[in-house]
Amino acid sequence: MEILGLLIPVSLALGGLGLIAFIWALRGRQYEDPKGDAERILSTEWDDRPKP
Amino acid sequence: MSDATLHDHDARLSACPACDAAPLASRIASAKGAQADIILSLPTIHCATCITDVEGVLNRHPGVKAARVNLTLRRVTVDAPGMSAEELIPVVESIGYEAHELDPAALSASAADRQGRDILMRIGVSGFAMMNIMILSVAVWSGAEAATRDMFHWISGAIALPTVAFAGRPFFSSAWRAISHGRLGMDVPISLALILASSISVYETLNSGRHAYFDAAVMLCFFLLIGRYLDYRTRAVARSAAEELTALEVPRAFRITAAGDEPVPVSELVPGDLIRIRPGARVPADGEIIDGMSEIDRSLLTGESIPVAAAPGLALSAGEVNLTGPLVLRVTAAGRDSSLARLTALVAAAESARGHYTSLADRASRLYSPLVHLMAFCSFLGWYLATHDLRLAVNIAAAVLIITCPCALGLAVPAVITTASGRLFRRGMLIKEGTALERLADVDTVVFDKTGTLTMGVPQLVSINVIPVEARPVALALAQGSGHPLSQALAQALVGVGTVPAPLADLREVPGYGIAGNWQGREVRLGRADWLGAEHGDARLSASWLSLGQGAPIRLEFSDRLRPGAGECVSAILASGRRVLLLSGDAAPVVEDLATRLGIAEWRAGVTPVEKATAVHDLREQGLHVLMVGDGLNDTAALTEAHVSISPASALDAARTASDIVLVGSDLSPVAQSLTLARQARSRIKENFAISFLYNIVAVPIAIAGFATPLMAALAMSLSSISVTLNALRLRR
């Protein structure tokens, strides 16, 4: 059962990481244009070189 | 859902777009030095290529710093200092996309966005907490004992308490507002359940108790926040689309100054200013004509379909359309006041008469809140008197509160409204008011306006056969030289039969009268009867006259074109057993003709705005639920007076503001479909109440009897939430 002392903090930390990623995405206005983002990934415009 | 206790965000955004826009407009005006971004509406974009094309062409255009397309809103925001929308629209149109300028002052998207992000953030936090606590709770339910159970409870509490404090804040603040106003909203039992569940769980954990309700408290937050977000989304989508309609009409006037004409925002006009109104433009403010001859289309204000001659001295009202010649106007009443001031008295009177509609959810929560509190208190009292065990009694009261918590009220109603209004939105109807859908379900009588509602307000030539074939090329050449709606209709009809215009010399438009030209040495004219020396005859029908320089002038009659879908809409409503009335400000023969064509038995012509409102009021007095469909300023009071109201997108701003639903497309048939859908939605809401009532009937006795466990609370809550949501989603198909 001692393993719980390790596993619980680990699982909380992983969950917290997800929460932080969600908040970061929210702050970065990534939910402003869900339809546009779904379409943009299909565009071949920046396939060969990254967008500067 | 209009109760302030249910939706704390209502309080911040007023119901009147004009009131929101006015301070925004002044803010934008003061920030002019900073150069706001240009926003263009792109109604036709739909795919990845569209995005790349539009952004590409704009970014390559000299002077543009950055362009970003938002596909969800179908808009592009362009950062181009010193450039105007007029320069950018041709750039976008050159690659085949329709573009319209949007007035950034009328778009209040940023404030609403922040609100949506705020709710999403709380959902994210409570979702994270719920999952982690659930992992620990499953261990407890499956038999964790003694020290392990206590440790799991402690960790759960450490996660749950800050989460409830953060994610539950919208409920706490709105419950507090309700209590300080002496009311019991839905948020009071929610807040009480959250606080009681959290505190009893802390107490149990301190005393190594068996049951802790941390998971239930957090889950409650999570589900109810989702309901609140759905509700917010529905409003936000409708609001942004309604704003876009307003923003499409960039309010600008041409003020005459010593240095020439200067374009200014309408809000900057003051009485005494001289403004120039070009042919085809809408009159921006009330005033008196100083100079110029023209004809004025008053259909939006009075419902008359025949243009009125305009000469110096005539008073014009904002909202009328100048047809043929340029006019100079001295402003007598300016800004938004001009058209609204006269309406305010009428609309205010009608609004107070409409009273406060109580939505199904409000009615249910009014019944529900006292009942829940009473049940929880009784079970506490009963158990305390029976056992004298305070801890047990509080435990049971908390269990009752949690199990009865209104997931169905908080989640099911928004879910039904969201799916139903989403479906109506795809068909071109915007629900502006939260309760409009429910009120639409009550409708048993439909009142239509004529001009601009059942008809397009666009004239159509009755018969082309009155024009001899040899005269058609001349008629077309004359008609093409004028911007008057009757001329345009004539030109359209002639082009439709393959006429080629004849060469005319000395073509000139005589504002207010018509258009003249020289054909093979003869003076030919197209215009008003008195100008051509003819008798107008029946003055109530729109007509124009054509003179070929010899023989009697030819009378050309025009009728108003029916709005597409008007016929199906009216017959579908009649077939569903509802009563249909036609009230128009236009002349009797025109109205009678239309009523016969559509099969409407009850019609009245020459109705003034006050009479329209009175007629609707009388129908209400008879206990009927009236749906008013209208577009003009003369309909505004009636729109407000009706139980629920619809106006087409082509309506005046004031009429759109007064109505609950806006019809975006030009087709009228969704009106009939929406009545059916509204009935479906209402029965779905009632079904959902029945489902959650059923859950409560089963679960509450168990809770009162003291057999409830946290596992049961969690199961009951998630099962009822999921089943009502699924039931709501059935509306989608």
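Me: What makes β10, β9 and β12 of chain B an open sheet, and in which order do the strands lie?

Reply: This is a predicted model, in which local features need pLDDT of at least 70, side-chain atom pairs count only at pLDDT 80 or more, and totals for chains, interfaces and linings use all residues. Residues are numbered from 1 along each chain as its sequence is written, and chains are lettered from A and ligands numbered from 1 in the order in which they are written. The three strands (DSSP runs of E, at least two residues) form an open sheet in the order β10-β9-β12 of chain B, with antiparallel pairing. The edge strands are β10 and β12 (321-322) of chain B, each pairing on one side only.

Me: How do you know that β9(B) and β10(B) pair?

Reply: Two strands pair if DSSP finds at least two bridges between them. Three bridges join β9(B) to β10(B), so the two strands count as paired. In this pairing, B:S294 stands opposite B:A310.

Me: What makes residues of domain 2 and domain 4 of chain B count as being in contact, and how many are there on each side?

Reply: The C-beta atoms of two residues, placed from the backbone, must lie within 7 Å. By this criterion, 15 residues of domain 2 of chain B are in contact with 10 residues of domain 4 of chain B. On the domain 2 side, β9 (294-297) and β10 (308-310) of chain B are the elements giving two or more residues.

Key: Helices (H or I, at least four residues) and strands (E, at least two) are DSSP runs, numbered from the N terminus.
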